[in-house]
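Here's a quick briefing to read alongside the model. Have the sequence and the 3D view open, and we'll go through it topic by topic.

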Amino acid sequence: MAFEDIPHLPTAKQLLQSALTRGRKKAASISKRKMDTPLTLTRKKERERIIAIHQDIAERLKSLPKHFPDLDTLNEFYRELLANDFSLDEYRQRLARAQNTPRAIAAIRDSVRGKIEAAQSPEDVKDATKRFIGRVSGAVERIDSDLKWLEDVRRKLRTYPKLKELFTVCIAGFPNVGKTTLLKALTGASAEINEYAFTTKSLNLGYKQINARKVQFIDTPGTLNREHMNEIEKQAHLALKYVADVIVYVYDHTESYPLADQHALREALEEHGKPIIHYLSKEDIIPEDVFADFKKEMNGLSREDLVSAINEFVRQRN
Ligand SMILES: Nc1nc2c(ncn2[C@@H]2O[C@H](COP(=O)(O)OP(=O)(O)OP(=O)(O)O)[C@@H](O)[C@H]2O)c(=O)[nH]1
Ligand SMILES: [Mg+2]
């Protein structure tokens, strides 16, 4: 999903200015031929002007559906994020309106063209062009709010995590348990690690080649608030729901959060119906027997065993 490639949208005023400039240049480029009378020369210039005006607007607006995501094929992760920020119906309507404007302007151009051909004086030809520009201005101004709205969408889309369509492992768990540290150890991704909770404020992504296949890792922020999720918690929730093929649930036996709570969050994650690997962090600072018990009782894995466990899921998928 290359949301960052969506071109900036002009305002109605900019769209019109650019088209008029192009029309003016085009008209100026038509030079008088020997046989031309003032009337035939004016006709030629105005004909070319209105064609250029339409073309300029069409070029800017017709590519919109190519750049803006098609809701029918958009990954559910992004569709739900978008639906959370904007009305999808409104999105469809506004996009369609902007996209259909060139067709409306082409119809105006064609009707004005007849008037240009029929005009009997250079003044009448220029009058026809003036009326054309008036009607085009109206059509463009009518989509001014659509363009502004779509520009807001474009800016928002750029802030969404740039996920790839790959086998995906989501790393989840309580705050401060070592999720980002694990991501970094596995993939070398650069991301902020701190000794305090809620360090991760956006989805951190990392990639690792596992068994000749590129695997995507998503480090989610500690998802604690399930009632009123903030933007990042929502992204994490949607990644777990729609993107994850496997969840690595990070347990921390050192301090902080009671184990019962850590179990409860893991159980809540089972709602997604994804395989969950139990991983125990901070192996280096917890007593050996605690680690051994975790391994036995929870079918828990150390970092060493983790990659081969993920590898097994990747292999099954192939
Ligand atoms: N000794 C030791 N410390 C660790 C290990 N993993 C993480 N830590 C420490 O635990 C703290 C939290 O690590 P993070 O990786 O930021 O934890 P997180 O789960 O991503 O935290 P949030 O993003 O806030 O949810 C940091 O001080 C890390 O250095 C580990 O395996 N061993
Ligand atoms: Mg983190």
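Helices here are DSSP runs (H or I, at least four residues), strands are E runs of at least two, and both are numbered from the N terminus.

Some ground rules: this is a predicted model, so local features need pLDDT of at least 70, side-chain atom pairs count only at pLDDT 80 or more, and totals for chains, interfaces and linings use all residues. Residues are numbered from 1 along each chain as its sequence is written, chains are lettered from A and ligands numbered from 1 in the order in which they are written, and side-chain values use heavy atoms, with hydrogens and water left out.

**Salt bridges**

- The count comes to 21 salt bridges.
- Back to that opening pair: Asp89 is exposed at 51% relative accessibility, while Arg92 is partly exposed at 42%. The cut-offs are under 20% relative accessible area for buried, over 50% for exposed and in between for partly exposed (1.4 Å probe, protein chains only).
- Arg94 also has a salt-bridge partner, Glu90, with the closest N and O atoms 2.9 Å apart. These two are four residues apart in helix 5, so again there's about one helical turn between them.
- Arg94 counts as buried at 13% relative accessibility, and Glu90 is partly exposed at 26%.
- An α-helix has 3.6 residues a turn, so residues three or four places apart point the same way.
- Asp305 and Lys295 meet through their side chains in a salt bridge at 3.8 Å, N to O. Asp305 belongs to helix 12 and Lys295 to helix 11 (residues 288–298), so this pair ties together parts ten residues apart in sequence.
- Asp305 is partly exposed at 28% relative accessibility, and Lys295 is partly exposed at 36%.
- Shared partners link Glu90, Arg94, Arg97 and Asp146 into one salt-bridge network.

**The nonpolar core**

- How many residues does the largest nonpolar core have? The count is 88, with Phe68 and Leu82 making the most contacts inside it. A nonpolar core means a set of buried Ala, Val, Leu, Ile, Met, Phe, Trp, Tyr and Cys residues joined through side-chain atoms within 4.5 Å.
- Helix 5 (residues 88–118) provides the largest share of this core, eight residues.
- Both domain 1 (3–157) and domain 2 (167–317) put at least three residues into this core; the domain bounds come from an automatic or database domain assignment.
- Leaving out residues up to four places away in sequence, Phe68 touches Ile6, Leu9, Tyr91, Leu95, Leu150, Val153, Arg154 and Leu157. Contact here means heavy atoms within 4.5 Å.
- Arg154, one of those partners, sits in helix 7 and is buried at 9% relative accessibility.
- Apart from residues up to four places away in sequence, Arg154 touches Ile6, Pro7, His8, Leu9 and Phe68.

**Helix 1**

- Helix 1 (residues 12–29) has 18 residues and spans 26 Å from its first C-alpha to its last, close to the 26 Å expected at 1.5 Å a residue. That expected span is 1.5 Å times one less than the number of residues.
- Its buried residues are Ala12, Leu15, Leu16, Ala19, Leu20, Gly23 and Ala27. Looking down the axis of helix 1, they fall within an arc of 125°, so they line one face of the helix; the arc is that of the directions from the helix axis to the C-beta atoms.
- The buried residues of helix 1 pack against helix 2 (38–62), helix 6 (122–142) and helix 7 (144–157).
- Lys13, Lys25 and Ala28 are exposed on the other side of helix 1.

**Two more spots to look at**

- Ser281 is in the loop between strand 5 (276–280) and helix 11, and is buried at 3% relative accessible area.
- Not counting residues up to four places away in sequence, Ser281 touches Val177, Val250, Tyr251, Asp252 and Ile286.
- Glu312 is in helix 12 (residues 303–317) and is partly exposed at 33% relative accessibility.

Key:
Salt bridge = Lys/Arg side-chain N within 4 Å of Asp/Glu carboxyl O.
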